[in-house]
Amino acid sequence: MRLEVICEDRLGLTRELLDILASRNIDLRGIEIDTTGIIYLNCPDIDFDTFSELMAEIRRITGVKDVRKIQFMPMERHNTELISLLNSLPEPVLAIDMKGHVDMANHAALSLFNCEQEEMIGHPIVSLLPNFNFSNWTEGKITRHREDVVIGGLDYSMEVMPVYITAESNESVLASTVMIIRSNQEKPMLVDSLPVHNNLGFEHFVGVSNRHKALMGQAKKLCVLDQPLLIQGETGTGKEMLARACHNRSHRAAAPFLVLSCASMPDDVAETELFGHAPGSFNHEQGHKGIFEQADGGTVFLDEIGEMSPHLQIKLLRLLQDGTFRRVGAEQEIHVDVRVIASTRHNLGELAESKSFREDLFYRLNVLTLNIPALRERPNDIAPLLDLFVSKYVKQLGVKKPDLSEDLVDQLVSYQWPGNMRQLENMVLRALTELDSTTLTVDLFHLPQLDNAIATGPTINLDGSLDEIMKDYESQVLERLYQSFPSSRKLAKRLNVSHTSVANKLREYGIRKS
């Protein structure tokens with residue numbers, strides 16, 4: 001029960017009010033006094049007869065003009081309106097106290113971090129945003145601050161603003177901090193010259209499996225070194241993304257990160273792109289800086305280095321040895337400070353043994369290595385990746401995030417994903433464009449249908465000799481995988497064996513596509 005008492009400004013009137021409440025054993029939970037002549041009382045609810053008697057007794061106090069029941073105390077109404085306003089905002093907003101704890105979070109913020117209020121209010125902001133150092137911000141020059149953050153694998157822009165209040169001495173006092181988080185995929189409501197701080201590295205990588213965690217742990221160790229780094233993994237596993245993350249977390253982050261695909265251009269063009277050319281070459285009066293010169297102090301990422309020509313392999317080996325090279329058509333040597341990160345979907349060791357890749361270059365590259373496991377080798381990561389890609393594309397498509405059918409994740413886990421994460425991401429986008437209900441189902445992914453015998457996996461027949469048992473099991477494995485990798489070359493790459501060996505096995509067992 002909340003009461004509004006309209007009265008004169010008389011000394012002792014408030015005391016008489018409190019005496020009446022005390023005489024009736026009515027607890028006072030709160031009181032607010034307005035200088036315009038209004039006293040607000042917050043008391044527990046009472047029965048109708050007691051309420052009627054109380055109102056009559058208050059009206060008999062000298063100087064009381066009127067008394068009536070109200071719904072909210074003034075500060076309650078003010079706070080309720082403020083919270084309602086914040087909850088109506090589409091952007092996540094948080095208030096942080098001066099100890100770095102979350103003091104308030106609107107509905108959009110709770111949804112973004114997938115938390116209930118009790119899981120967020122009173123907890124340190126670092127538990128939600130580990131890379132934001134609140135203490136450093138408060139200890140330095142406290143001004144508006146903007147930086148890029150990654151939440152759940154998606155990119156956001158976070159703006160932190162100090163909140164000052166005016167004390168009785170008219171001095172501004174820092175009271176709290178407001179944090180606004182905006183999706184980078186949406187057009188910003190306000191564009192200004194505030195600098196953006198970006199030191200993002202491995203935050204975009206989403207996964208819960210032990211293989212994923214081991215990869216991230218190893219990558220964080222190797223990213224700070226200057227030696228060449230070799231990243232190995234199948235198509236679609238995110239080799240360039242991992243290379244860029246390693247660069248962003250190294251001391252070279254402020255310098256360029258440049259990419260050249262060794263499989264996408266002719267040998268002479270690739271050489272010019274990498275090493276540049278001297279003035280007068282190719283009928284150009286001015287010389288041209290290659291990627292290595294442009295990236296001096298930074299990182300060069302050589303994608304699919306296994307397909308680099310022998311000629312370029314020699315020049316790359318020289319650069320890795322002492323950091324020097326010559327432009328095409330030039331005589332003088334140039335020295336650069338560049339870290340080389342290379343990637344391959346092939347087995348470089350086998351290519352070196354077959355003389356398709358220089359052994360000395362292989363040994364130079366094969367010092368620091370990161371092996372990205374295929375998606376089928378870490379099925380526990382499919383669910384969080386699915387959620388990441390759905391969240392990403394519903395924002396782009398401007399649709400509501402759908403529910404997932406009960407069997408969707410299980411069906412996706414049973415698929416072999418020859419195209420890995422890239423294939424999953426593309427399938428999610430296509431599924432969302434075809435969605436005509438509120439539930440995402442497996443039929444929207446158009447997965448190859450495997451018959452029941454294949455879907456249940458190989459069985460072991462223990463009849464016969466060891467050789468006969470092993471051949472029977474091998475034929476079942478090949479038959480099952482061949483449906484997801486429907487060519488002898490794809491299947492050979494999946495099993496990490498030669499194409500000839502797989503082709504002979506398929507012919508021997510009479511295995512054909514379903």
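Predicted model: local features only at pLDDT ≥ 70, side-chain atom pairs only at ≥ 80, totals over all residues.
Visitor: What stands opposite Leu-229 in β17?
Guide: Leu-368 of β17 stands opposite Leu-229. The strands β11 and β17 run parallel and are joined by four bridges.

Visitor: And in β16? What is opposite Leu-229 there?
Guide: In β16, Leu-229 faces Ile-341. The pairing of β11 with β16 is likewise parallel, and four bridges make it up.

Visitor: Which residue of β16 is the bridge partner of Phe-301?
Guide: Ile-341 of β16 is the bridge partner of Phe-301. The strands joined here by four bridges are β13 and β16, and they run parallel.

Visitor: What is the order of the strands in the open sheet?
Guide: Its five strands follow the order β12-β13-β16-β11-β17, with parallel pairing. The edge strands, β12 and β17, each pair on one side only. On average, neighbouring strands of this sheet are turned by 20° against each other, direction ignored.

Visitor: What do the buried residues of α8 pack against?
Guide: They pack against the helix α7 (210-222) and against the strands β11 (229-232), β12 (257-261), β13 (299-303), β16 (339-344) and β17 (368-371). The helix α8 itself spans residues 239-248, and its buried residues are Lys-239, Leu-242, Ala-243, Ala-245, Cys-246 and His-247.

Visitor: Changing topic: how many salt bridges does the structure hold?
Guide: The structure holds 33 salt bridges. One of them links the side chains of Arg-68 and Glu-4, at 2.5 Å from N to O.

Visitor: Which residue forms a salt bridge with Arg-10?
Guide: Glu-16 does, with the closest N and O atoms 3.1 Å apart. Arg-10 is partly exposed, with a relative accessible area of 27%, and Glu-16 is partly exposed at 33%.

Visitor: How far apart are the closest N and O atoms of Lys-355 and Glu-359?
Guide: They are 3.5 Å apart, and the two residues form a salt bridge. Lys-355 is exposed, at 64% relative accessibility; Glu-359 is partly exposed, at 34%.

Visitor: Which residues do salt bridges with shared partners join into one network?
Guide: The network consists of Glu-91, Arg-144, Arg-146, Glu-159 and Arg-182.

Visitor: Now the annotations. Where does UniProt place the feature "domain: ACT"?
Guide: The unreviewed UniProt entry places "domain: ACT" at residues 2-72. Over residues 2-72 the chain is 32% helix and 32% strand, and the end C-alpha atoms are 7 Å apart.

Visitor: Which residues does the annotation "domain: PAS" cover?
Guide: According to the unreviewed UniProt entry, "domain: PAS" covers residues 78-126. The span of residues 78-126 is 43% helix and 16% strand, and its end C-alpha atoms lie 30 Å apart.

Definitions and conventions. Residues numbered from 1 in each chain as written. Heavy atoms only, no water. Buried < 20%, exposed > 50% of the residue type's maximum accessible area, 1.4 Å probe, protein only. Helix = DSSP H or I, 4+ residues; strand = E, 2+ residues; numbered from the N terminus. Contact = heavy atoms within 4.5 Å. Pairing = 2+ DSSP bridges. Salt bridge = Lys/Arg side-chain N within 4 Å of Asp/Glu carboxyl O. UniProt positions renumbered as here; feature names shortened; annotations may be inferred. Axes fitted to C-alpha atoms, helices over the stretch in contact; angles between N-to-C directions.
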